[in-house]
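Dear colleague,

Please find below the structure that I am handing over to you. My notes on it follow directly after.

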Amino acid sequence: MTDKKIGTPKLRFPGFTDEWKQRKLKDVIELELKGTAKAKMSGYESVYLETNYLNGGNISYVDSPSNVDKNDVLILWDGSQAGTIYHGFKGALGSTLKAFKPKSSGEFLYQYLKRNQQIIYDNYRTPNIPHVIKTFSDEFSISVPSNKEQQRIGRFFHQLDITIALHQRELEHLKLRKSGLLQKMFPKNGEKFPEVRFPGFTDDWKQCKLGELGTVAMNKRIFKNQTSSEGDVPFYKIGTFGGEPDSFIPRQLFEEYKEKFPYPEVGDILISASGSIGRAIEYTGKDEYFQDSNIVWLKHDNRLENTFLKQFYSIVKWQGLEGSTIKRLYNKNILNTKINVPSIAEQQKIGLFFKQLDDAITLHRRRLHHMKLRKKALLQQMFV
């Protein structure tokens with residue numbers, strides 16, 4: 001074994017000062033284990049570790065004892081995602097996987113390989129039918145500190161991953177709760193009132209078409225030669241709608257078009273009419289402009305509450321698009337779509353309720369994003 005000293009990370013736990021060393025993967029593992037095909041179940045009931053299960057699929061069992069424990073690091077050896085790294089599973093190893101049994105911290109080894117997964121994808125797979133190269137553990141270099149420091153780093157990132165997973169579960173729980181409530185708080189097809197209502201509301205909901213409540217509006221067309229990669233006012237195209245703009249228009253043009261042509265009011269719900277159709281974004285009043293025909297809104301009167309309309313868009317079945325492969329939402333599809341509406345007071349109550357739920361979902365999504373960014377930064381600082 002040849003060790004090469006390669007310096008120290010920017011951030012370390014107190015008490016650790018020795019330089020890290022570069023070794024080959026084969027030198028930091030005790031055993032490299034190749035999986036076998038699934039056998040019939042009879043006596044044993046070991047979990048069969050296959051990619052479907054590792055990625056959240058159903059559990060299956062095999063008539064084999066477990067040969068992988070939770071300290072081992074798994075790598076998908078064959079298939080389009082060959083090189084994907086897993087950790088924390090116990091069971092019988094499937095035929096498309098290999099297991100590395102580490103000499104020290106499996107959590108440290110997992111974090112190191114996971115951090116370098118793109119490098120594995122790019123440099124350690126065969127080009128045609130993807131396989132991880134047979135000599136992977138002989139060729140792949142890994143930077144390691146002492147066993148004690150590996151254990152400390154591994155425990156730290158394990159706890160961080162638990163926290164991230166907790167935020168992810170809370171986010172998924174809120175999204176599922178919202179989905180279930182939308183089904184119960186909007187009438188099902190042919191019904192005049194929903195399964196769940198706020199106290200004090202008993203009137204039937206009225207069914208009509210969106211075209212009876214308003215008209216489709218869009219911004220005046222902007223041509224490519226009127227845009228630039230930087231400038232005064234963001235111009236959102238269908239590809240950047242709801243994200244970061246990559247085009248801008250001059251303020252003078254914006255002010256002119258905003259004055260002369262249709263422009264959304266604060267609270268209007270903009271929807272995507274191509275690509276991922278029906279994506280809804282509330283216009284908050286910022287100076288920004290939107291691609292005509294691809295980003296539109298319903299210009300309506302006071303019979304509709306925008307917060308209610310936004311939630312309707314999340315469950316709507318657009319007229320004329322059911323079972324269709326069409327990826328464009330035309331004005332006629334919008335205007336001919338049926339909607340059930342209660343009184344304005346009930347619309348406001350429903351809209352406010354789901355807005356608060358959406359705010360909670362957004363908060364959890366931001367926390368999760370922040371935690372992932374924090375982990376990424378720490379991986380950069382705590383590894384060599």
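The buried residues of helix 7 are covered by several elements, among them helix 5 (147–185), strand 15 (269–272), strand 16 (280–282), strand 18 (295–300), strand 19 (338–341) and helix 9 (344–382), where contact means heavy atoms within 4.5 Å. Helices (H or I, at least four residues) and strands (E, at least two) are DSSP runs, numbered from the N terminus. Helix 7 itself spans residues 306–313 and is mostly covered, with 6 of its 8 residues buried, namely N306, F308, L309, Q311, F312 and Y313. Buried here stands for under 20% relative accessible area, exposed for over 50%, and partly exposed for what lies in between (1.4 Å probe, protein chains only).

Please keep in mind that this is a predicted model, in which local features need pLDDT of at least 70 and side-chain atom pairs count only at pLDDT 80 or more, while totals for chains, interfaces and linings use all residues. Residues are numbered from 1 along each chain as its sequence is written, and side-chain values use heavy atoms, with hydrogens and water left out.

As to the whole, the protein has 9 helices and 19 strands, and buried residues make up 42% of its 384 residues. Its radius of gyration, taken over C-alpha atoms, is 28 Å, whereas a compact globule of 384 residues would have one near 21 Å, by the rule of 2.2 Å times the number of residues to the power 0.38. Along the principal axes, the C-alpha atoms fill a box of roughly 75 × 60 × 45 Å.

The largest nonpolar core holds 68 residues, of which F100, L109, F136, W318, I339 and F383 touch the most other members; such a core is a set of buried Ala, Val, Leu, Ile, Met, Phe, Trp, Tyr and Cys residues joined through side-chain atoms within 4.5 Å. A second, separate core of 17 residues includes F235, F254, Y283 and Y289. Apart from neighbours within four places in sequence, F383 is in contact with P9, W20, F108, Q111, Y112, R115, I153 and F157.

The C-alpha atoms of T8 and W20 are separated by 5.7 Å, although the two residues are 12 apart along the chain. Leaving aside neighbours within four places in sequence, T8 is in contact with T17, D18, E19, W20 and V384, and T8 is partly exposed, its relative accessible area being 42%.

With kind regards
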